[in-house]
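This briefing covers one protein chain and is organised by topic. Please read it alongside the sequence and coordinates.

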Amino acid sequence: MHPKPISEWRKLPLTLADLCIETTLRCGQSFRWRKINDEWNCVLYGRLLSLKQDKSHLHYRVVSPKTAPPTLTPPSSVQCESEIHEDDTEALLKHYFSLKHDLGTLYEQWSKSDANFRKKAPKFTGIRILSQDPWEALVAFICSSNNNISRISQMVHKLCIHYGPLVGHIGDEAFHDFPAPQALSGNKVEAHLRELGFGYRAKYIAETARMVTEEKPEGWLENLINPDNPGWSATKTTMDAEVPTYRYAHEQLLLLSGVGPKVADCVCLMGLGWGEAVPVDTHVWQIAQRDYKFGKVKTKTFSKVMYDSVGDHFRKIWGQHAGWAQSVLFTANLKSFSEQASSKAEPVDIKVEVKEVEKVATVDEATPLLRKRRRTTVLKTVKVEEPMPTEIGRATRKRRKTRA
C-alpha cells in the first residue's frame, strides 16, 4: 500500500543510548534536517519524514510525495518515489540510522581500548553514523570546505529549493528532496550558484555533477559502497564491477572536482558505509595532538603522510568502526555541545570487564624468581550517563563548527 498523505505517528523501540537524534542530526553529518515545534523534519528518498523522541522510543510519521514542479535545470531521470508499493518507512529509518550495528557493544569496545574515549563518551551516548545517499553526501561535503555547519546547511537548503523536487509542506514551510546529478550539471548552474553565495564551491559542484552524469558509467558512485553496508537506492550497479575496498573508494573520489582527502573520507564514512574512514580536519588534528600526544607541529595544512598517519593511528586504536568513534569525540569537541559536556546526565548501568593483577607475597623484592602473579577477572557495574533530551536541546541555537 502507499503511505497515507499524512500518516499517524508510529514508533520504534530505541533508548537514547541506542540513538540520540538531538545529537546525531546536529553533529555535522547531515545538513537538511529542520526542527519545527520539537520535531525533526527532512525529505528522504521522496518522502517527508517527521521525527521526535522520548526515553524509550523513536516516533515517526511520513507525508507522501507530491508531483515535482519544473526546476531550473529539469533533471531527465529525477522523479519523486511515488511508486512505493508499500510503506517501508520503518525499514528506511533502520537503514538511515544504521540500526543493525549494536552501539552499546561498540562504545564498550572503544572504552576498553581508549581511556580518552572512556572519559568523554558517557555524556555523548547515542551518536550513530548515518547511512546517507552517496550523491547527497558528496555534494554536501564539497560545500563543507572552509565552512561551518550553519552555512553548509544554508547552501544545501538552497540547492534543494532551486534544483530539487518539492515533496510537501509542514505549515508554511516547503520541503524539497535533494537534487540528482543531472539537475546540477546544466551550463548555467555554476553562475547561478555563485549568485546564491556558493563562491568557489559553485565550480566544484557543477563540474562534479557533469563528471558523474557524462563521464562516469551509470551506478559508478553506488559501486563504491561497502558491500557489507549496502545502500538504500535502487540504482543499478555494474554487475561485473570489482568488489570495492575503502582505499579504492577513497582514491576514486579524489578524482572528482573539489574533493580532497577529508571530503573523500566524509563521503566514504557517511555516504558509502566505510566505517573505518576517519575524516581528519583541523579539529580532529587538535584532538589528536591534545588528547593523544600525536605530533608536535601546529599546522592547518596536512601532507598526505600526516593525514594518513592520523587516520591509521585512530584505526589502530578503535578498529573497523574508527570513524564512528571519531565522530563521538568530534561532537564532544564542538562548542555547540559544551553545555551537554558539562551537564549532569542520567546514569545507566553497563558491565565492563576489568582485569586485576594480584601479587602474591615474596620473600625478598630483590629475588624475582620467588615472585608469582595471579590474574583474576572481576566484573564491575559502571554507571554510563545517558543524555537528557531537555539538556541537549538547549544548545540548538548556537553556532556550530564544521568538519572542514
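This is a predicted model: local features need pLDDT of at least 70, side-chain atom pairs count only at pLDDT 80 or more; totals for chains, interfaces and linings use all residues.

The buried residues of helix 8 are R201, A202, I205, A206, T208, A209, M211 and V212.

**Helix 8**

- Helix 8 comprises 15 residues, 201-215.
- From its first C-alpha to its last, helix 8 reaches 20 Å, close to the 21 Å expected at 1.5 Å a residue.
- An α-helix has 3.6 residues a turn, so residues three or four places apart point the same way.
- The cover over the buried residues of helix 8 includes helix 5 (134-143), helix 6 (149-163) and helix 7 (189-195).

**Residue S30**

- S30 is located in the loop that runs between helix 1 (21-24) and strand 2 (34-36).
- S30 counts as buried because its relative accessibility is 5%, where buried means under 20%.
- Leaving aside residues up to four places away in sequence, S30 touches L25, Y96, L130, Q132 and E136.

**The chain as a whole**

- The secondary structure of the chain consists of 15 helices and nine strands.
- The chain has 404 residues, of which 51% count as buried.
- Among contacts between residues at least 6 apart in sequence, 73% join residues at least 24 apart.
- The chain exposes about 19900 Å², and carbon and sulfur atoms supply 52% of that area.

Notes. Residues are numbered from 1 along each chain as its sequence is written. Side-chain values use heavy atoms; hydrogens and water are left out. Helices (H or I, at least four residues) and strands (E, at least two) are DSSP runs, numbered from the N terminus. Buried means under 20% relative accessible area, exposed over 50%, partly exposed in between (1.4 Å probe, protein chains only). Contact means heavy atoms within 4.5 Å. Accessible areas come from the Shrake-Rupley method with a 1.4 Å probe; for residues, only the protein chains shown count as cover. The expected span of a helix is 1.5 Å times one less than its number of residues.
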